[in-house]
Amino acid sequence: MEQKISISAQLQLNKCVYLLPLIAILLSIASCTTNNRNIKHIALVGAGASFPAPLYERWLSDYNQKNPNVEINYQAIGSSAGVQQLIEGTVDFAASDVGITNEQAAKIKRGVIALPLTAGSIVLAYNLTPVAHQSPQVNVANTLRLPRQVYVDIFLGKITNWNHPRIAAANPGVSLPDLPIQVVHRTDGSGTTSVLTQHLSAISPEWKSKVGAGKSVAWQVGIGGKGNEGVTALIQQIPGAIGYVEYIYAKQNKLPVAALENKSGNYITPTAKSVAQTLEKVKLPANNLIAFIADPTDAQSYPIVTYTWLLTYHQYPNRVKGQALKKFVNWAVIDGQKSSLELGYIPLSKKVVLQVQTAAKKIAE
């Protein structure tokens, strides 16, 4: 009898010996599953500038592939609307081609951090596709030269036809069409508009006094489209159209862009080299990393260039969200920069990367 009890006890002991590791494994799996569920629910929402939208779209797709538990959504609704949503607290981050003003920042109780994540050029794209009434002898170059005061006067409505003598003088040998110029501009509050109009104000006292600079201005002529994509679509549809868009929108849609006369009198096309040449002279102040050059002086600089900024809060009630956004920013300034040139943007310099990384440490501190 005693032997039977001993054997039974031994069997129970053996079961426990085998069950304990199994229970530990199951508890570990349950713990991992719980953690994964928590990570899976990290969702960030942002809105703002259309200027960087094609690059952000690539970044968010690439980042999600490497971090499937983090979902980041971005809506390109214009810089003004993005900043307003940040002020109202309806997004986790915003984007703006002109950063944020001190007055706007003062309205954000949680604090705001401006981080330049990429840069690019604003181009004057046009459509001189032959139309039925044009002479077959009309021959338009892929890249027209536009003198500084000529493109100012086009936007002022003072030059209204493509075969105008001042355009012809800058493009010898080019047979220009007898075609009305149709200016296309933004209808929404736009950082792209602000950068362009800062440049026009810097090179033309008349523009500065009549129109000035800002995200929204009283255009003298033209029709409006929403976002870079809206302006691009109108240029494509209207023979004789000219408008301003971020370079990638012209590139993707195969629209020709003008070579613009810079302050040194040289006609410069927007290339990675000519845009980087301008950015080298932009000194970003340590306190907010926001700065512009409205009219660069270097001989080979393309004249209309800007950084574009990601705007985050300093403090996040949901600390997990803040930490997730900080990790994304650190990825964007290192791995994300590899996509920049392919899409027509300019990678950040090593110096600017270090400045962004230092500033990003303050997110969700």
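The protein chain averages a pLDDT of 89, and 86% of the residues score at least 70, where pLDDT is the predictor's confidence in each residue, from 0 to 100. Over residues 1–39, however, the pLDDT is below 50, and beyond near neighbours in sequence this stretch has 2 contacts in the model, a contact meaning heavy atoms within 4.5 Å. This is a predicted model, in which local features need pLDDT of at least 70 and side-chain atom pairs count only at pLDDT 80 or more, while totals for chains, interfaces and linings use all residues. Residues are numbered from 1 along each chain as its sequence is written, and side-chain values use heavy atoms, with hydrogens and water left out.

Let me turn to the overall make-up. Of the 365 residues in the protein chain, 49% are buried, and here buried means under 20% relative accessible area, exposed means over 50%, and partly exposed is in between, with a 1.4 Å probe and protein chains only. Among contacts in the protein chain with a separation of 6 or more, 75% are between residues 24 or more positions apart.

Now to the strands, where two of them pair if DSSP finds at least two bridges between them. Strands of a sheet pair through backbone hydrogen bonds, either parallel or antiparallel. Strand E4 (112–126) has 14 of its 15 residues buried, so it is largely enclosed by the rest of the structure. Which strands does E4 pair with in the antiparallel sense? One is E11, over 9 bridges, where alanine 114 stands opposite leucine 311; another is strand E8 (residues 241–246), joined by 5 bridges, where the bridge partner of valine 123 is valine 245.

Strand E1 (residues 42–48) pairs with E3 in the parallel sense over 3 bridges, and glycine 46 stands opposite phenylalanine 93 in E3.

There is also an open sheet of 3 strands, in the order E5-E9-E10 and with mixed pairing. Strand E5 (145–146) and E10 stand at its edges, each with a single partner strand, so one side of each is left without a neighbour in the sheet. E5 runs parallel to strand E9 (residues 259–261), to which 2 bridges join it, and arginine 145 has alanine 259 as its bridge partner in E9.

Helix H11 (residues 272–279) has Ser274, Val275, Thr278 and Leu279 as its buried residues. They cover an arc of only 140° around the axis, which puts them on the same side of H11; that arc is taken from the directions from the helix axis to the C-beta atoms. As a general point, an α-helix has 3.6 residues a turn, so residues three or four places apart point the same way. The buried residues of H11 pack against E4, strand E10 (267–268) and strand E11 (305–313).

Next, the aromatic residues. A search of the whole structure finds 15 aromatic pairs, counted when ring centres of Phe, Tyr and Trp (its six-membered ring) lie within 6.5 Å, with planes under 30 degrees apart called stacked, over 60 edge-to-face, and the rest tilted. The rings of tyrosine 63 and tryptophan 331 have centres 5.3 Å apart and planes at 65°, so this pair is edge-to-face. Tyrosine 63 lies in helix H2 (residues 53–66) and tryptophan 331 in helix H12 (residues 319–332), so the pair ties together parts that are 268 residues apart in sequence. Both residues of that pair, tyrosine 63 and tryptophan 331, are buried. Separately, Tyr56, Trp59, Tyr74 and Phe93 form one aromatic cluster.

What does the charged end of arginine 110 sit over? The ring of tyrosine 313, at 3.6 Å from its centre, and arginine 110 also lies over the face of tyrosine 316, at 5.4 Å from the ring centre. The criterion is that NZ of Lys or CZ of Arg is within 6 Å of the ring centre and within 35 degrees of the ring normal.

Finally, histidine 185, in strand E6 (residues 182–186), is buried, with a relative accessible area of 10%. Leaving aside neighbours within four places in sequence, the contacts of histidine 185 include Trp219, Val231 and Tyr244.

Notes: Helix = DSSP H or I, 4+ residues; strand = E, 2+ residues; numbered from the N terminus.
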